[in-house]
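This report is written for a reader who has the sequence and the model at hand. Please look through both before reading on.

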Amino acid sequence: LLAPARCAAAVGTAAPKVEGGGRRSSEQGQLAVAPARLVDELVEEALVWSSQHGLVVGDKNHPRSGKAPGVGLLHAPFALLPMSFSKVYWDQAVELAPLFNELVDRVSLDGDFLQETLASFSLSFSRTKEVDSFTGRLLDIHAKMMKLNKKEDVRLGLTRSDYMVDGATDQLLQVELNTISTSSNGLACGVCELHRNLIRQHERELGLDPESVVGNTAIAQHAEALAGAWAEFNNQRFSVVLVVVQPEERDGLPVAVVYFRAGYTPNDYPSEAEWRARLLIECSSAIKCPSIAHHLVGTKKIQQELAKKNVLERFLDNKADIEKVRKCFAGLWSLENDSIVMSAIESPELFVLKPQREGGGNNIYGDNLRETLISLKKDGSNELAAYILMQRILPPASLCYLVRDGTCIRENAVSEFGIFGAYLRNKDRVIINDQCGYLMRTKAASLNEGGVVAGYAFLNSVFLT
Ligand code: ADP
Ligand code: MG
Ligand code: MG
């Protein structure tokens, strides 16, 4: 079916024996440093399994990929074996999921807070010098809804809170909270099945228990939440769920739920027509996933504002919950903070500079970060508001086998761990507030960015230790 997999890393490497059940001793690391022969075998089996079970993505190099169904597909990039992950971190992330769901919803109801925090974006986009017209336009739709006093009784949030373990402090720190198009749930479920299957097939050689690979329920639970919202819309004979994947989709039936798979990047709005469509959807009675307010809560700027002293207290009542949420916040600063800007110019390797964008590949690091900050400061204050500064989280690295394009490499790698969440509410009735499976992504420690689709990271699963 497939050409024999070449395992570059295994060639010529004195492969250590599998010892101690194949586990590495570090808290977080890829399992099993396996003999070269076994690695080759696992890679080939994994590639066959991926193509047989739909663990595939579009092949960018194929001219008809994405145009004709079933044409131009390639296995998704994956780590060969799961990532061992401490139950302490797992439990913490699972416990946080409903708290963040609730937080998103409460913040979304505070229209003034969103408008004030993001004000620099809305003010600026009408001026000649644009800070960030994209966020400004989203905010403009939000302002229109406030003027109309538009209430969303039924609110559906499909979220994903992403974390990294900070090596210096052993703390699980939040990278970001996604509220729109929290993708990769299907692939995350697929790689979990792949790992279970590989371990089951080689249980004795690897000395691992396939049941320790945490099952992933992301797809089923998110589908359930969408169906739940559709039921709340209460027009079950005729209404449909509209999934926005391309601009200007039309439908002849009442739309109960609109799911935005697209709409999170400026590229999704090539003309005024897309903005009109977004506004039209927002004005409609359909349940939006996300509503414009939920979308804005997911911006980096709001993340930074929530980390300020006494801001969480505006939205959460329970002191213990507030502490739990705050504990996972990394250092976050606005660029109005001169002393932190100076620190970042001096030691850029300790910071990440983030614009208000989604989808990976937008952040600024290292020398670039220093130069950007210097030139932003020189140009004056207006554009500074378009960015936030974040503490750079440096997770512990470990050797991993990573497979892309049929080739396996052995890399010193770090991981980012996301917990999906679902939140469905009708007025005062919370129908769903749950964690819904996970996304484990592994990337070379030397890389800055981390997206799977963006081409940096590899899908992985969790092996609880
Ligand atoms: P996006 O919404 O585009 O996914 P993120 O904030 O998740 O934006 O940043 C993209 C990637 O950059 C992350 O997946 C992660 O690999 C890396 N990254 C972001 N913030 C940090 C940080 N504070 N420390 C280390 N790496 C980070
Ligand atoms: Mg994001
Ligand atoms: Mg991200």
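The model is predicted: local features need pLDDT of at least 70, side-chain atom pairs count only at pLDDT 80 or more, and totals for chains, interfaces and linings use all residues. Residues are numbered from 1 along each chain as its sequence is written, while chains are lettered from A and ligands numbered from 1 in the order in which they are written.

**Domains**

The chain is divided into domain 1 (84–188 + 213–328 + 410–464) and domain 2 (331–392); such bounds come from an automatic or database domain assignment. Between the C-alpha centres of domain 1 and domain 2 the distance is 23 Å. Contact (C-beta atoms, placed from the backbone, within 7 Å) links 20 residues of domain 1 with 17 residues of domain 2. On the side of domain 1 that touches domain 2, the elements giving two or more residues are α4 (119–124) and α11 (300–306). Helices (H or I, at least four residues) and strands (E, at least two) are DSSP runs, numbered from the N terminus. With four residues, α11 gives the most to this side of domain 1.

**The shell around ligand 1**

Ligand 1 is surrounded by 19 residues, and the closest are Glu176, Glu358, Met390, Ile393 and Gly450. A residue is near a molecule if its C-beta atom, placed from the backbone, lies within 6 Å of it. Strands β8 (171–178), β13 (351–355) and β14 (387–391) each give two or more residues to this shell. Because domain 1 and domain 2 both give residues to the shell, ligand 1 lies between them.

The table compares the two sets of residues by class.

Helix α5 (residues 133–147) has 15 residues and spans 21 Å from its first C-alpha to its last, close to the 21 Å expected at 1.5 Å a residue; the expected span is 1.5 Å times one less than the number of residues. Its buried residues are Phe134, Thr135, Gly136, Leu138, Leu139 and His142. A residue is buried if 20 or more other C-beta atoms, placed from the backbone, lie within 10 Å of its own. Just after α5, Asn149 has a positive phi of about 55°.

Strand β7 (residues 154–166) contains Val165. Val165 is buried because 22 other C-beta atoms lie within 10 Å. Although Val165 and Ser415 are 250 residues apart in sequence, their C-alpha atoms are 8.2 Å apart in space.

Note on methods. Buried ≥ 20, exposed ≤ 12 C-beta atoms within 10 Å, placed from the backbone. Contact = placed C-beta atoms within 7 Å.
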